Amino acid sequence: MVLSLVSPHTLNHHEHQDHSEKERPKLLLVSFDGFRWDYIYRVPTPNFRSIMDEGVKVEFVENIYITKTYPNHYSMVTGLYAEMHGIVANEMYDPALNLSFSMETDSVYDSRWWEQAVPLWVTVQKDGGRSGAAMWPGSDVLIHGMFPTQYLQYNASVSFETRVQRIIEWFSAPKGEAVDFGILYWEEPDESGHNLGPQSPLMDAIIAGIDEKLGFLMNELKKSGLYEKVNLIVTSDHGMAQLSPEKIIELDQYVDRDLYTWVDKSPVVGILPKEGKFDEVYGLLADANPNLVVYRKDDIPEHFHYQHNVRIMPILLEAKEGWTIMQNRTGLFMLGNHGYNNTLRDMQPIFVARGPAFRQNYVKTSMRSVDLYPLMCHILAIRPLPNNGSLLNVQDLLSLEPTTSTPTSTHFTVPPKIHRYSYAPVVGSFIGVVMVLGFLVVYVILVTLKQRPALKHRSWEMSQPLLQEDLHL
Ligand SMILES: [Zn+2]
């Protein structure tokens, strides 16, 4: 059911508008890396609480597989699963390009890794808007010929307060120069979560410290008169699981390391077998350890949306929650980690938001992180590129008050405001009846026609032949 409000005439008018004159809604997206959904219940977090009271909160946010930093940050700004946007891990190998990527090297600045998708800041700027990025992963990389209008070169030693001050300056610039869309990234509480483990009592102070940082941001927005104008979304890329030195899977016990190349890090590891060694490596690992899930690339469950990309290796190892995959025990061991199955509660992030576009004091049960992109496009009045999210899934977060935004969506269009809530029960009942009738009809057809050809799995695999050579990762 797609309701279209936008007539061709309206679209033409919109497209021919002088973009520099357009009054644009403002949006600031903030990510506190590794801020697990339940951290706000652990210590007093008055600033998170105040955003929830003044705005919205989502209890369950299903982020994308794998639950690591780079894949999830790129999903937030593209609305795409990792197999679609191409940033499939923090450490990758691309056999078509014969290149390796690591978030810890300058390979990050090679545009080719990022250009399977278009991040929102590029789309905002192509629409005539301006964006400002403070250390968001990928935001200091030239992507499809563009940097954000304003951005900071990544440097972990730049303080949160400095990043906020730059964002405030960009939003407060004179008309014609001010940014419309801001993105702000902070490395904590991820780093402490890795080092201390999320169960450590020392994490309480770290979480309280993040709440103070959020308070600093809110204060700066208030001081500069932006607080009531800017829509503020505070979220994260993933949660954090507690590890234990008792829970280590040592691959050297099962398979000779000369038979394969290891790509990325625990708890989800890509395995590239040496030429002709696929069956041997898979056979040795498949039932090796009850805490290790071993997938052939073709068998990775569809709900992970993690299969159709050349950068996903032929064999994928996934540790069960709390377990660490190592070759042997000589490597670095951490007390907390993420990357596990995205349906695990401990992998899920916080999500709160407030501002003119949002409802007040509203709690939503669940959303997917890919739905954030169409939501942000709606708030910014930007036409979204094709994506895996749906505005319909999250439009109940939006205020009933008219905003200055004009919904112009390619495939998700908001129904008229008056219909959104007052007719909802009627529409819901109608849909329910139609679904029940539809189900009955399909059931009768299936029972009547006992022999039906099996549906072929739609395959749009982009894989290139893998290069079987050593990688230096
Ligand atoms: Zn991390």
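This is a predicted model: local features need pLDDT of at least 70, side-chain atom pairs count only at pLDDT 80 or more; totals for chains, interfaces and linings use all residues.
1. The crossing of helix 6 and helix 8 is right-handed.

2. Two packed helices are described by the angle between their axes and the distance between the axes. For helix 6, residues 160-172, and helix 8, residues 203-223, the angle is about 25 degrees and the axes lie 10 Å apart. Angles under 35 degrees count as roughly parallel, and helix 6 and helix 8 are therefore roughly parallel to each other.

3. On the helix 6 side, the contact is made by F160, E161, V164 and I168. Their counterparts in helix 8 are K213, F216, L217 and E220. Sorted by class, the contact of helix 6 with helix 8 comprises five nonpolar and three charged residues, with no polar ones.

4. The sheet is open and has four strands, in the order 11-12-14-13, with antiparallel pairing. Strand 11 (260-263) and strand 13 (292-296) are at the edges; each has a single partner strand, so one side of each lacks a neighbour in the sheet. On average, neighbouring strands of this sheet are turned by 25 degrees against each other, direction ignored.

5. Within the sheet, strand 11 pairs with strand 12, residues 268-273, in the antiparallel sense, and the pairing runs over four bridges. Which residue of strand 12 is the bridge partner of W262? That partner is I271.

Note on methods
Residues are numbered from 1 along each chain as its sequence is written. Axes are lines fitted to C-alpha atoms, for helices over the stretch in contact, and angles run from 0 to 180 degrees between N-to-C directions. Helices (H or I, at least four residues) and strands (E, at least two) are DSSP runs, numbered from the N terminus. Angles under 35 degrees count as roughly parallel, over 145 as roughly antiparallel, 65 to 115 as roughly perpendicular and the rest as oblique. A crossing is left-handed if the near helix is turned anticlockwise from the far one by less than a right angle, and right-handed if clockwise. Two residues are in contact if their C-beta atoms, placed from the backbone, lie within 7 Å. Ala, Val, Leu, Ile, Met, Phe, Trp, Tyr, Cys and Pro count as nonpolar, Asp, Glu, Lys and Arg as charged, and the others, Gly among them, as polar. Two strands pair if DSSP finds at least two bridges between them.
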